[in-house]
Amino acid sequence: MMPTASARGGMGLGCRHRLQARSAPTTGQASSSKPITRQNGSGSVRRRGVPKATPRQAAASMVTEETLVYTDGRGNSSLTESEIRDFGFTKVGKPVPHGIPMSDVLDSIPKVAFEKDDREAYKSLALTLVACAASQVLIAMVPNWLLPVAWAVAGTAFTGFFVLAHDCGHRSFHTSKTVEDVIGTLLMAPLIYPFEAWRFKHAQHHAKTNMLVEDTAWHPVVVEEMEEMPAFIRGATKTILGTPIKFLASILHWVKWHFDLSLYKKTEKPKVATSIAACAIFAAVCWPLLVAHTGWFGFLKHYVVPWLGFHFWLSMFTLVHHTSPHIPFKAKDVWDPVQAQLGGTVHCTYPKWIEVLCFDIMVHVPHHLSPRIPHYRLRLPDDALKAKNGGDW
């Protein structure tokens, strides 16, 4: 089931969904009848010029283009509201000015939104454990022709493990850091995702969101970088990022960033090694047991396919939360934190069961303004920010 979405920045995914952009990151520019060139890191896409029209049609079009126009953040092209709607949005808000203090934005969020509640944390933990167990029962009971439905549920339930560990990593899950470290490690171990390794690298994503090169979550491959690649790597990169394969691209990110101790500081390495060991222990104990009791096909259907479903959601969320042709990735010297976090972060709306099992990770704008906001309070600051800005963001 494809998502509908309400977004601040946003991305068309080649599927039918509704994104509502609450902010475009830069000031608008008037468009012209010249061909439009869009640059989004990995190159440019040229569109045909405006077709010939009658004088009356041209006048009407000019009014629309001049009053409802947005740029891609680089001054190289202009995008009308209708074009942005083609990306999947139903509304695009006003640009986020440069230089707004982050403190001014955070002051509009009620203080209660930052308060942690251990009971809510344990309720969420119980929900994700029950959902994952129930999905495994579903996989075991349904006939093979219904397995895709069971796998969709199981992959989403697996994602709940990651989201709660994600809160633990941000210190927004529980009042005890020790509890957060233990729960985060135990929830990520079944995903073979080293908790501490992820935590250290993910912190850089929040500190440098949509900053070219520096953002560790995802950023466009710039033309110069693509030209320097060997032919095979260049072809593979285009295949992965230019086809639906990109919705499993988080697997490459997982391999690249989370198991190489040389990528971490000396003080970080012991914790990273412990997290890797937790994953190794889970794999060494649980995988053979699963194969022994269910066979290799059982291992495939109970673990491998749901694990791939988790990576689908991880890739999906990573892409839609920060990318669209009208959301810029900027170099370090011109990057602005509020523009990046507020104007370059996407809020998506999915079917309710997905939002429940994934603990509102798609309410992503408040999370990027302050990762210390617990998942069970994200909708409060989301509503507060919309109220303050009249829904324009």
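Is Glu 180 buried or exposed? Select Glu 180: at 0% relative accessibility, this residue counts as buried (buried is under 20% relative accessible area, exposed over 50%, partly exposed in between, with a 1.4 Å probe and protein chains only).

The model is predicted: local features need pLDDT of at least 70, side-chain atom pairs count only at pLDDT 80 or more, and totals for chains, interfaces and linings use all residues. Residues are numbered from 1 along each chain as its sequence is written, and side-chain values use heavy atoms, without hydrogens and water.

Arg 171 is buried at 11%. Asp 181 also meets Arg 171 in a salt bridge, at 2.8 Å from N to O. Asp 181 lies in helix H6 and Arg 171 in the loop between H5 (147-169) and H6, so the pair ties together parts ten residues apart in sequence (helices are DSSP runs of H or I, at least four residues, numbered from the N terminus).

Now show H6 (residues 177-188) with H7 (residues 195-207): their axes come within 9 Å and cross at roughly 105 degrees (axes are lines fitted to C-alpha atoms over the stretch in contact, with angles from 0 to 180 degrees between N-to-C directions). Glu 180 and Asp 181 are among the H6 residues in the contact, and Trp 198 is one of those from H7 (contact means heavy atoms within 4.5 Å).

Finally, select Lys 352, Glu 355, Asp 360 and Arg 379, which are linked in a network of salt bridges.

Conventions. Helix = DSSP H or I, 4+ residues; strand = E, 2+ residues; numbered from the N terminus. Salt bridge = Lys/Arg side-chain N within 4 Å of Asp/Glu carboxyl O.
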